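Please walk through this structure one part at a time. Keep the sequence and the 3D view side by side.

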Amino acid sequence: MDISGNTIFIPGATSGIGLALARELATRGNTVIVGGRRAEILDEIAAANPGIGTQRIDTTDPASITEAARTVLEAHPDLNVLITMAGIMRSEDWTTPSGFLDTAEATVTTNLLGPIRLIAAFIEHLRSMPDATIMTVSSGLAFAPLRVTPTYNATKAAIHMLSESLRLQLAGSSVSVLELEPPSVRTGLMPGQETSDFAMPLEDFVAEVVDLIATQPDATEIQVENVKFLRYGEARGDYDQVVATLNSRDPHGR
Ligand SMILES: NC(=O)c1ccc[n+]([C@@H]2O[C@H](COP(=O)([O-])OP(=O)(O)OC[C@H]3O[C@@H](n4cnc5c(N)ncnc54)[C@H](OP(=O)(O)O)[C@@H]3O)[C@@H](O)[C@H]2O)c1
């Protein structure tokens, strides 16, 4: 993916990584449209960032995805990058159904079905563009499990394998598949995460991501240095130690 000259839709960018990345990509010469459920936040973003577009979307709702895709593509027929950023992360207790079932279903719907439905809504348009990118968003937890968030870990592992598989299907087409693999980053994803010592400052993370895109336009995965501990445990042969360290250093998993 080139670092500039794109038209980019980021559903899941009213806060956190999505919003910070949207702002940075806008300063790098891209047209950016941010999406999310919170209409009042979208209005605030539009007012504070002239040049950044906004689109209300609930990625758990197929009708909302269809309507948002229609509206965004009508306004931006040159759209060539979709970043499936929207995600939720919840603690679960799998010892009783009431401790996990609702959360598990909501997490699968947002983190896995959401990106699948978004890609379905945009794939034909993206294939018609000369140079397009689908950026998926997995996690370091796709590669090493955090005890308290089983369904989150599972959905992110699924996003990793979906990205690998789509890349094979789309090989030779104009659409590249790029997987963003964040480590723990200071956002509001989970309670306490914004101030966690174990999480990476948001600005540092986004700066490193943008630098990687700029210097490695043909990469298939965006891996900041901090994620490699989790990402390559199995390959290095220290997976058991990685899992133990991950789950001992912070019981809430940040
Ligand atoms: N922060 C980390 O440590 C970390 C690590 C690895 C991966 N990630 C991934 O990075 C992505 C962004 O997370 P974040 O850390 O930036 O957390 P965040 O600040 O909570 O951002 C989550 C975003 O997703 C949106 N969203 C959630 N459900 C949605 C829905 N049903 N429809 C539309 N938008 C929805 C939220 O917007 P609305 O509430 O306005 O809808 C918000 O903009 C997630 O996929 C997360 O799993 C984060």
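The buried residues of α5 are covered by several elements, including α4 (101-128), β5 (132-137), β6, β7 and α7. The model is a predicted one. Which residues of α5 are buried? They are Thr151, Tyr152, Asn153, Thr155, Lys156, Ile159, His160, Ser163, Leu166 and Arg167. An α-helix has 3.6 residues a turn, so residues three or four places apart point the same way.

Is serine 163 buried or exposed? Serine 163 has 0% relative accessibility, so it counts as buried, the cut-off being under 20%. Its side chain makes a polar contact of 2.7 Å with the side chain of threonine 136. Leaving aside residues up to four places away in sequence, serine 163 touches Thr136, Val177 and Glu179.

Now turn to α1, a helix of 12 residues. From its first C-alpha to its last, α1 reaches 17 Å. That is close to the 16 Å expected at 1.5 Å a residue. Its buried residues are Ile17, Gly18, Leu19, Ala20, Leu21, Ala22 and Leu25. What do they pack against? Their partners are β1 (7-11), β2, α2 (39-48), β4 (81-84) and α6 (202-215). After α1 comes glycine 29, with a positive phi near 85 degrees.

At least two lining residues come from each of α1 (16-27), β2 (31-36), α5 (150-169), α7 (228-231) and α9 (239-249). Of the elements, α1 gives the most, with 3 residues. By type, the lining holds 21 nonpolar, 20 polar and 9 charged residues.

Next, look at glycine 188. It sits in the loop between β6 (175-180) and α6. Glycine 188 has a relative accessible area of 55%, so it is exposed, the cut-off being over 50%. Glycine 188 and glycine 16 are 172 residues apart in sequence. In space, their C-alpha atoms are 6.7 Å apart.

How many cavities of 30 Å³ or more does the structure hold? There is 1. The largest cavity has a volume of about 50 Å³. The elements that supply two or more residues to its lining are α6 and β7 (221-222).

Notes. Residues are numbered from 1 along each chain as its sequence is written. This is a predicted model: local features need pLDDT of at least 70, side-chain atom pairs count only at pLDDT 80 or more; totals for chains, interfaces and linings use all residues. Side-chain values use heavy atoms; hydrogens and water are left out. Helices (H or I, at least four residues) and strands (E, at least two) are DSSP runs, numbered from the N terminus. Ala, Val, Leu, Ile, Met, Phe, Trp, Tyr, Cys and Pro count as nonpolar, Asp, Glu, Lys and Arg as charged, and the others, Gly among them, as polar. Buried means under 20% relative accessible area, exposed over 50%, partly exposed in between (1.4 Å probe, protein chains only). A polar contact is a pair of N or O atoms within 3.5 Å; within protein, one must be able to donate a hydrogen and the other to accept it, and residues adjacent in sequence count only if both atoms are side-chain atoms. Contact means heavy atoms within 4.5 Å. The expected span of a helix is 1.5 Å times one less than its number of residues. On a 1 Å grid over the protein atoms alone, a cavity is a set of points where a 1.4 Å probe fits but cannot get out, and a pocket is an open set with protein on both sides within 12 Å along at least five of seven lines; lining residues have an atom within 4 Å of a point. Grid points are joined across faces, edges and corners, and a volume is the space filled by probe spheres set on the points.
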